[in-house]
Structure formats: C-alpha cells, structure tokens
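Hi,

Here is the structure I said I'd pass on.

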Amino acid sequence: MQCYNACDKKDENILSPGALKNYTKKSVIFFTFSLLVLTMILAAVNGNASKPSDAVVHQEWLQTNRDDIKPKQYIERVKAGETTGIVLSKLGFPATEAANMIQVSKDVYPLKNIHIGHEFKRKDFKDSIQVSYQISAHEKLVLTNKLGEPWTADVKERKLFPRISVVEATIQDSLFWDAAKAGLEDALTMQLVDIFAWDIDFARDLRKGDSFKVMYEESFDDEGKRVGYKILAAEFINRGYVYTGIRYENKNGDIEYYDEEGRNLRKTYLKSPVKYSRISSRFTSSRKHPVLGYTRAHRGVDYAAKSGTPIRAIGDGKVIFKGWKGGYGRFIEIRHNNGIHSTAYAHMSQYGKGIRQGSYVKQGQVIGYVGMSGLATGPHLHFEFRSRGRAINPLKIKHKSANPVAKNEMSAFHVKAKEMLRMMALRGQKSGKWG
Ligand SMILES: [Zn+2]
C-alpha cells in the first residue's frame, strides 16, 4: 500500500489547478500519460489487495475460457522431465487447478504417473472442459469439468477401429526397399524381421527372389488417429524354404508367433554349453590372469569339466571362425541367426565331427570337446557371449521360455491359425497387383 499513498499525493499535485498553470503543454501530455500509467498500476494493486479465493479464480477462469462456442482442442505430448503440473500448465491450467485435477483422478488413475510421449488433450465446449490422458492403447483417463461443478475423473476404454491389410513382395533389391515399394512401412518390416529372425539370417541369407506376405492389423481411435499396429500372420520364403508365423495370445495373455504346428518361432539359447560341469570362473571386468599373472578382464565364463566333455552350440547359427587363436587355443565362434548375437568357445582339445568354418550348426550340436589348449591351467571351457560385438555376461542372459502352444490350447490355436492363413490368402489375392 506504500505506492498507493504516494501516488495519491502525486495525483493531487497534478490535478490542482494552481500547479497546472506552471507546466508547458509538453509537460501536460507527459503527466496525462503518467496519470494513465498510475491508474493502471493502481488497478493492479487493487486487484492484488482483494485477491479472490481459489474457487473464484477457478470460476473466472472457466468463464473466460468458455466464451468460444466452437469446441477447441489443444494437445500436449509429455516430454522428458515434465511433471503432470507442467503439462497441465501448458494446456492453460493454473497450479491450483492442476492440483484439483490430480486429486480427483487419484482413485481411478494416479495422474502423477505419466509417460513420455503420451498425450494430454484438452477440449473446450460451451459449458464444459474435458481433458484426457492416454494411459495405453486401450485406456484413457477422462477428466470433465462442467460449468460450476467440480472436476470428475473416469477411466474409459478407448474405442478402437481395426483395419486389416495384406502386403506381399518379392525381393529384388533389399528387404526394406522392396517392402516399402509394396507399401509396408519400415516399422512393420522390422516386426517381420523380428518374427523370423531365429530362422532366417536377414543380414546374410536373403536371396533375390525370396518373397513374403504379411497380414497386419492397424487400429484407429474414434478420431481416425492410428494408435497401434501388429502383424497377425506372415509367410516368408527364403531360399526355397517356407516359414510361417501366426500371432497367438494364450490364455495367460502371452503373445507369441508360432508356426502352423504351434511351435514357438522364438528360440532360446541353451543355458550352458557343457552338461555336467561347474563354473570355475565368472565374468568380471578385471581379475588376475592365472597364467599371465597380470590383472585383466575376464570377458566370459569358465566351465571346469573333464577333458573330452562335449561342448554344444547354445543356439542355431553359422561357424564364422574355427582354428587356433593365441591364448584361446582351439577356438570356435558362432554367429547366431538373429544376426545380433555370437558365442565363442575356447581351449578345446578337439573339434566336433564335420565342423568347418562356414558350416551351419544346430542348437545342441556338439562342436568340440573340453581341453586345455592355449593358455589354460586345467581342462575347462572358456565361453563368451557377444551382443552386437560387445561381450556380455552369459550368466545374465534372460532365458525367457519359448514354449510351444500348450496342449490344452492346441485345438483352439489350430482353428485360429487356419482362419488367419485363409484370410491372408484371400486378401492377398484381392489386393492383387495393379502395376
Ligand atoms: Zn576363461
């Protein structure tokens, strides 16, 4: 209120007729302007002085935002580091309002728990405001505020509209290029690769003339926006072999791709390349080398076993190295079919029968025998697992089961698989090629 008094005094001075006489015209204009500014300041101070309660602010705010009759829509996507309060303020809600909204949604969805990339949408109607938060592809939180009423919160199922398409192509150039030309977007081509990655080495085994057919489903929300996509069934012909994948969700809600017989297309690695052994040295970033004496990282796991114990490939793949490799002695490296992983086996006493560099091996196939060739204090298998060229701890690999369809679900699966494949064949014909 300090300024209030001081300004009042000034006002009196300017407005007193005696004082005015002494001022030039220029000064009058200046002071008139000053008076205007002062009046504005006064108004502001007055406003602050009689600060209305939050409830009133809320009402006023609703009033000012409801002048427009046409519904307006604002969208904000959650960015890294943003809190619910920040996003709501970007949508025009003051902190007190945001707090109300968070409070009211507590029982149906903790609005404090938001995810990067998810969408907040504000819609203004004539007599209400609606804010929705996309929880998942299937659910959204809807906050509604009717004029003069408190906020309400509800979790609603998003109504989704599916569209099924079939794309087929023959590889002339590269998988991604030919798929794109046929109308398949990269994200779906990646899904296709993931489905068959355990059987087909997409980086190296594709041939001109290989072909595929994909049936996928896209889902759209009630505003026509695509919210998801997935491959329902696919067929890939690689070097004359036909691979089929069918999406199936089992009774536990697990989703996997299976072949027509219900075998899981995803494979897992054997937990250990040597049966009947014990781990004598684990994966470390540094340890004292038993032979060389100095400290260095141990990028693998040692399995102590009797000389001559069979060593098995932990997964299907191609032998990319077979031979003597310094301290590793007799050494084999296998590149696995997904093109990402490779495994190495060292200190062998001898190689498995028929194992050559370049040959394909099956999971469980004997590729060699435990020994102590190279730098080794005793018979053991030194085993390494690499992912994209980087050594990772083989004991830390998650072995998610890749079970086939359960026996009691097999008949349901067969019905579903038949239907999917029939649908893919029909739609494939219908879409045809129009040049
Ligand atoms: Zn070792």
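Nine helices and 23 strands make up the secondary structure of the protein, and bear in mind that this is a predicted model. Of its 435 residues, 26% are buried. If you take the contacts between residues at least 6 apart in sequence, 60% of them join residues at least 24 apart.

Five strands form it, in the order 1-2-3-4-5, with antiparallel pairing. At the edges sit strand 1 (72-77) and strand 5 (151-157), each of which pairs on one side only. From one strand to the next, the twist averages 20°.

As a reminder, strands of a sheet pair through backbone hydrogen bonds, either parallel or antiparallel.

Then there's the helix that goes with this sheet. Helix 6 packs on the sheet and touches strand 3 (128-134), strand 4 (139-146) and strand 5. The direction of helix 6 makes about 55° with that of strand 5.

Which residues of helix 6 (residues 95-105) are buried? They are Glu-97, Ala-98, Met-101 and Ser-105. Looking down the axis of helix 6, you'll see these buried residues fall within an arc of 100°, so they line one face of the helix.

Cheers

Definitions and conventions: Residues numbered from 1 in each chain as written. Predicted model: local features only at pLDDT ≥ 70, side-chain atom pairs only at ≥ 80, totals over all residues. Buried ≥ 20, exposed ≤ 12 C-beta atoms within 10 Å, placed from the backbone. Helix = DSSP H or I, 4+ residues; strand = E, 2+ residues; numbered from the N terminus. Arc of directions from axis to C-beta. Pairing = 2+ DSSP bridges. Axes fitted to C-alpha atoms, helices over the stretch in contact; angles between N-to-C directions. Contact = placed C-beta atoms within 7 Å.
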